[in-house]
Amino acid sequence: MYQSIKILGSLTLALGLFSCSHTRNISSEKNLPSLKQTFKSDFLIGTALDSVQNLPTNEKEAQLIPYQFDAMTPENAMKAENIHPEWGRYYFDQADKIVDYAQQHGIKLNGHTLIWHSQLPAFVHQIQSADSLRMFFTEHIRTLASRYNGKIDSWDVVNEALNEDGTLRKSIFLDKLGDDFIVEAFRLAQQYAPDTKLYYNDYNIEQPQKRAGAIRIIKQIQAAGVRIDGVGIQGHWNIRSLPFDAIEKSIQEFSALGMEVMFTELDLGVLPNPWDSDGAEISHTAGYSEKMDPYKNGLPDSVAQLQAQQYEKLFNLFLKYKDDISRVTFWGVNDGQSWLNGWPIPDRTNYPLLFDRQFNPKPAFYKVIETGKSK
Ligand code: XIL
């Protein structure tokens with residue numbers, strides 16, 4: 001008798017605990033502030049998604065994304081090497097799934113990206129003649145731009161065409177098509193995606209010399225009578241070296257040209273850089289060492305607080321220019337999914353986003369929300 005009471009008692013206790021923690025989970029998720037609601041009258045809040053195949057099995061992420069974000073960029077699915085891996089053969093599956101997902105949830109989708117020197121399929125590197133490359137260029141833009149016109153909101157038409165000193169980066173496009181390849185890309189995108197916003201996207205274009213290069217590109221497109229709607233500053237920064245002044249000047253100068261300004265791939269890494277300068281040159285990598293991976297067992301609270309402060313300062317700046325900024329997109333949903341765990345050094349443990357590896361909000365999340373509430 002005593003035994004069964006005991007069993008019953010612990011069962012009740014266990015059930016009680018279970019239902020209590022269960023209730024707590026559900027209600028705290030319900031009560032969690034929403035980024036997209038908080039900044040509704042300011043700018044869109046986006047995330048990047050590598051693949052939606054996992055969504056239905058990961059309930060937390062499936063709930064979190066539409067609750068927090070009203071914009072999205074496919075992290076890899078629309079890049080040439082994935083969507084167009086062989087000459088004239090397209091694999092739309094992944095991209096279409098993300099487009100459908102975004103449509104179902106009322107999320108604005110930014111296509112990323114039509115023309116980029118990185119993540120090109122091998123066949124493009126083998127193209128010898130300018131005519132053949134032009135054929136690829138035209139066909140690629142025409143196919144993607146027309147397929148998704150009316151279904152997505154915008155395209156990063158050209159990605160990362162600049163060197164740090166503001167000159168045009170050496171690439172197969174510059175080499176074979178000459179320096180008006182950017183204007184041509186926008187002209188084709190305008191023709192085949194007339195209902196889609198068209199953007200130039202790059203990293204470090206807040207920095208003075210590179211910014212001057214971006215301004216030249218914008219003016220060149222405008223002078224040709226071709227449409228460009230905005231410019232995306234990627235925003236792959238480190239919590240210890242955020243270039244606030246340069247960011248502010250960039251917003252002012254880009255918007256003076258009539259551009260929508262966007263922060264398109266925001267993440268604030270907390271790990272040391274293997275070299276002096278910041279950026280996002282994906283071909284630039286270094287080898288692993290324990291010294292370069294200091295937080296693999298957890299993020300110290302002091303670092304989480306510093307990150308929160310930096311995000312707070314950044315969002316205060318964004319809010320100051322809310323009339324010029326149309327979107328702020330984080331490059332990933334949670335820390336565990338961030339590309340910064342693998343770049344520029346493989347297998348590190350980085351913490352650049354607002355949600356931790358279990359999709360729980362970090363101190364930075366609450367600071368960002370606070371900026372939005374106290375505006
Ligand atoms: C990164 C992706 O996040 C990674 O998954 C991929 O392996 C490499 O590319 N600038 C860009 C993005 O415009 O497309 C890059 O994304 C990060 C740098």
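Guide: An oxygen atom of the ligand lies 2.9 Å from an N or O atom in the side chain of Trp331; a polar contact is a pair of N or O atoms within 3.5 Å. Taken alone, the ligand exposes 420 Å², of which the protein buries 85% (accessible areas by the Shrake-Rupley method with a 1.4 Å probe). The model is predicted: local features need pLDDT of at least 70, side-chain atom pairs count only at pLDDT 80 or more, and totals for chains, interfaces and linings use all residues. Residues are numbered from 1 along each chain as its sequence is written, and side-chain values use heavy atoms, with hydrogens and water left out.

Visitor: How many residues surround the ligand?

Guide: There are 15, each with a heavy atom within 4 Å of the ligand. Glu75, Lys79, His112, Glu265 and Trp331 are the closest.

Visitor: How is the packing of two helices described?

Guide: Two packed helices are described by the angle between their axes and the distance between the axes. Here α12 (residues 301-320) and α13 (residues 363-373) pack at about 25°, with axes 8 Å apart; the axes are lines fitted to C-alpha atoms over the stretch in contact. These helices are therefore roughly parallel (angles under 35 degrees).

Visitor: Where is there a cis peptide bond?

Guide: One joins His112 and Thr113, with omega about 5°.

Terms used
Polar contact = N/O pair within 3.5 Å; in protein donor to acceptor, adjacent residues only side chain to side chain. Axes fitted to C-alpha atoms, helices over the stretch in contact; angles between N-to-C directions. Helix = DSSP H or I, 4+ residues; strand = E, 2+ residues; numbered from the N terminus. Parallel < 35°, antiparallel > 145°, perpendicular 65-115°, else oblique.
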